[in-house]
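This report covers a two-chain model, with the interface taken up before the confidence and the local features. Please look over the sequence and structure below.

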Amino acid sequence: MAGRRVECTWKRHVAEQLKQRDRVQRQAFEEIIHQYNRLLEKSDLQAVLSERLQTEKYELQDRHDVSPGAESLQQEMAQIRIRHQEELTELHKKRGELAQSVIELNNQIQQKDKEIQSNEAKMLEYQQQIAQLEGECRDLRSSLADLERANQTLRDEYDALQITFSALEEKLRKTTEDNQELVTRWMAEKAQEANRLNAENEKDCRRRQAKLQKELADAAKEPLPIEPDGVCVCFRRRRSLNSHGTSPESADAPTGVCAEVRVPSTALHVFDAHDGEVNAVRFSPGSRLLATGGMDRRVKLWEVVAGHCEPKGALTGSNAGITSIEFDSAGSYLLAASNDFASRIWTMDDYRLRHTLTGHSGKVLSARFLLDNARIVSGSYDRTLKLWDLRSKVCMKTVFAGSSCNDIVCTEQCVMSGHFDKKVRFWDIRSESIVCELELLGRVTSLDLNHDRTELLTCSRDDLVKIIDLRNNAVRQTFSAQGFKCGSDFTRVTFSPDGSYVAAGSADGVLYVWNVLTGKLDKTLDKGHSSAINSVSWSPSGTYVVSVEKGSRAVLWSDM
Amino acid sequence: MTLPTPIIMADDKDVLRDVWFGRIPTCFMLYPDEVTEREAEPFYLLLPRVSYLTLVTDKVKKHFLKVVKAEDVEEMWFEYEGTPLKWHYPIGVLFDLHASNTALPWSVTVHFKDFPERDLLHCPSSSVIEAHFMSSIKEADALKHKGQVINDMQKKDHKQLWMGLQNDKFDQFWAMNRKLMEYPTEEGGFRYIPFRIYQTLSDRPFIQKLFRPVSPEGHVLTLGDLLKEMVPAAIYEPKKYQVVIHGIEPLLETPIQWLSEHLSHPDNFLHICIVPAPND
């Protein structure tokens with residue numbers, strides 16, 4: 001630093017000295033010398049001019065020695081002076097013009113200066129604006145940075161919350177799964193428990209059945225008294241009209257309701273039952289006897305022995321084809337309705353015709369014992385239902401149904417009839433009036449009740465077999481099959497003894513068996529019949545099914 | 001070899017300009033014994049310090065030839081107070097040496113007759129002045145750079161130097177001259193400083209010796225160091241002498257290298273005048 005200061009000292013000294021020198025030696029004399037030289041020039045010029053003038057004067061004087069007068073000389077002088085004056089005025093004018101232009105240029109310069117000033121002022125203004133804007137920009141940037149920071153913190157918080165949320169979700173899922181698992185285990189336990197209870201119940205039931213069977217067997221082994229009272233715990237039927245004795249062989253005591261129902265799968269015996277159409281078929285309550293009725297006016301009796309139907313006998317007396325057959329609950333009487341407008345009753349032990357009930361004015365299509373076995377109800381083509389008393393053998397009541405009655409079934413209080421006009425009519429026995437009417441979609445061809453009389457099976461011409469719940473009189477189930485066609489107005493269908501199956505014969509000779517529980521077709525048995533099946537009957541033991549056809553054949557089915 | 005350009009500060013440039021444009025107000029008067037037709041008026045002129053008498057006095061000649069008869073005119077020569085002025089010295093040197101502390105303007109007497117053959121050189125034409133000028137430059141460069149820079153220059157560059165001086169063109173001259181002022185940085189300065197020391201009362205015309213600008217130990221040597229070696233009396237009797245360069249007295253601590261770069265004359269020599277101090 002000292003070196004630089006020293007350097008500056010001598011350098012500055014030199015510079016100052018040079019400036020001083022110039023001031024003294026040059027500037028002081030510059031102007032003077034310049035003016036002096038100009039004056040010198042001028043004086044030289046003047047000297048030259050005056051010399052010239054002198055020489056001219058002398059020349060003129062010499063010339064004028066010859067020429068006259070001084071006036072001409074003076075004239076010439078005056079002319080020269082005038083010329084010089086003119087030149088002088090011109091020069092003055094020119095000088096004036098130059099001064100003018102100088103003034104103008106000065107003005108322009110001033111204007112330009114002003115412009116420059118104003119531009120500079122504007123520039124200053126702009127600079128100020130720029131500074132201001134820069135300040136604003138800085139402020140905005142800082143606020144932006146703040147916002148970004150705040151945003152970032154919010155995002156972080158959100159991420160943290162997301163993580164917590166997903167963890168909780170996971171926990172919930174796991175807990176739900178555990179819950180489900182526990183619930184299913186509990187249900188399984190419950191089901192097991194229920195199954196156990198069911199099994200116990202079944203065992204219990206079976207035990208009771210076995211006990212019952214044993215008791216029955218015991219009872220059967222006992223020498224029967226004249227008054228067969230029967231130890232039917234399950235039935236509510238009362239025996240009456242026991243004027244005829246019954247022998248143990250011919251008395252087909254009905255077995256228990258809990259029959260071992262076997263779904264038939266094969267045709268055991270195919271045989272010609274009648275000469276001509278076979279209209280009706282019915283097992284006896286004891287399942288040993290089979291009755292068929294046909295257009296040949298006979299009711300033939302068969303015994304089912306080891307998978308065969310052995311002819312036992314025939315019941316005659318009808319004047320026209322048999323339309324329906326029914327045994328009474330004891331199996332001692334057989335009731336058959338006939339096309340000759342009458343219904344007949346035979347006794348089973350001696351095959352003798354006992355009663356003939358006439359009164360209808362049309363074919364009797366169906367005749368049934370009422371539950372007390374003392375009365376009979378019959379339905380006829382003449383659109384009436386007649387109630388007959390067996391003691392007095394007269395028609396007690398005639399009810400006008402309004403339509404030809406195709407089939408009848410009875411409960412304790414109620415008679416149900418299926419009619420040509422697609423209706424099923426429910427009659428109260430005591431009051432003789434219609435309690436209820438159900439309309440189906442086709443002519444009702446057949447009615448059947450299940451063993452505890454809670455369900456009514458109907459078959460109608462629209463090829464549908466329906467189960468009606470008698471508690472609420474509504475169609476509970478409908479069975480149909482692709483090939484199943486109701487063959488005639490009198491095609492009969494039947495429940496299985498325990499009500500778990502339904503058998504119906506089709507117009508093409510195929511026997512259809514449906515499962516009531518599942519509602520699905522269980523079996524189609526087509527190897528047997530060659531023409532439309534008219535009627536089906538299931539043995540109360542559940543072992544056999546017999547179906548009869550238009551073509552005089554009957555088939556015995558079982559699952560062996 | 002390429003030499004780095006020394007950084008010339010703004011102050012230094014001002015110094016160069018002031019040195020170049022230095023002027024001396026001179027009054028030329030005709031020697032009374034010269035035969036004249038009429039009285040000759042004196043002629044005033046501002047002479048450039050860095051130029052040469054015969055180069056700038058054409059107007060003087062023209063002025064005085066107006067009054068002097070043509071047949072009496074021989075080569076014009078100048079004298080100051082009896083001392084013939086050598087035209088081959090720069091004008092500034094002549095003034096500082098002879099008329100340093102006298103009243104301005106410098107009164108120079110113009111002669112047309114009796115040319116002093118023993119004291120002055122003839123100057124028949126400007127090419128003589130050019131030759132002298134260029135030889136000074138070459139001599140200076142020989143001392144500074146062993147003559148490499150001046151020899152690397154082309155003929156047109158030499159011409160440019162001369163034309164710059166003749167026409168008083170500072171920029172034209174210095175465009176070329178700056179090359180002669182360069183030196184390799186590791187050296188710290190020129191090889192030797194081209195200088196001449198003039199003294200009023202001396203048998204020698206001038207002192208010129210070899211002098212390095214940087215000491216063997218690496219110190220930057222100053223004007224004082226130079227004078228101590230060449231003219232010790234100027235140092236040790238400061239009141240008695242003045243050390244004048246270009247009409248100023250630089251401080252003795254001024255580095256000699258800087259002086260050579262900035263206060264040299266166009267002929268690249270540093271002309272130093274030692275004059276008696278005025279006793280007022």
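What is the count of salt bridges between chain B and chain A? The count is three, a salt bridge being a side-chain nitrogen of Lys or Arg within 4 Å of a carboxyl oxygen of Asp or Glu.

## Basis of the model

This is a predicted model, in which local features need pLDDT of at least 70 and side-chain atom pairs count only at pLDDT 80 or more, while totals for chains, interfaces and linings use all residues. Residues are numbered from 1 along each chain as its sequence is written, chains are lettered from A and ligands numbered from 1 in the order in which they are written, and side-chain values use heavy atoms, with hydrogens and water left out.

## Interface between the chains

One of the salt bridges joins Lys11(A) to Asp12(B), with 3.3 Å between the closest N and O atoms.

In contact terms (heavy atoms within 4.5 Å), 33 residues of chain B meet 20 residues of chain A. The two chains bury about 2,500 Å² between them, and 65% of that is on carbon and sulfur atoms. Buried area is the accessible area (1.4 Å probe) that two parts lose on being put together, summed over both. Asp18(B), Tyr44(B) and Ile248(B) supply 21% of the area that chain B buries against chain A, more than any other three residues.

## Confidence in chain A

Confidence in chain A is lowest in helix α1 (residues 2-66), with a mean of 84, and highest in helix α2 (residues 70-221), at 94.

Residues 230-256 of chain A have a pLDDT below 50. Where pLDDT is low, the predicted coordinates should not be read in detail.

## Local backbone features

The peptide bond from Leu104(B) to Pro105(B) is cis, with omega near -5°. Pro105(B) sits in the loop between α4 (91-99) and β5 (106-111) of chain B.

In chain A, Phe341(A) is a residue other than glycine with a positive phi, near 70°. Phe341(A) belongs to the loop between β7 (333-338) and β8 (342-347) of chain A.

How values were computed. pLDDT is the predictor's confidence in each residue, from 0 to 100. Helices (H or I, at least four residues) and strands (E, at least two) are DSSP runs, numbered from the N terminus.
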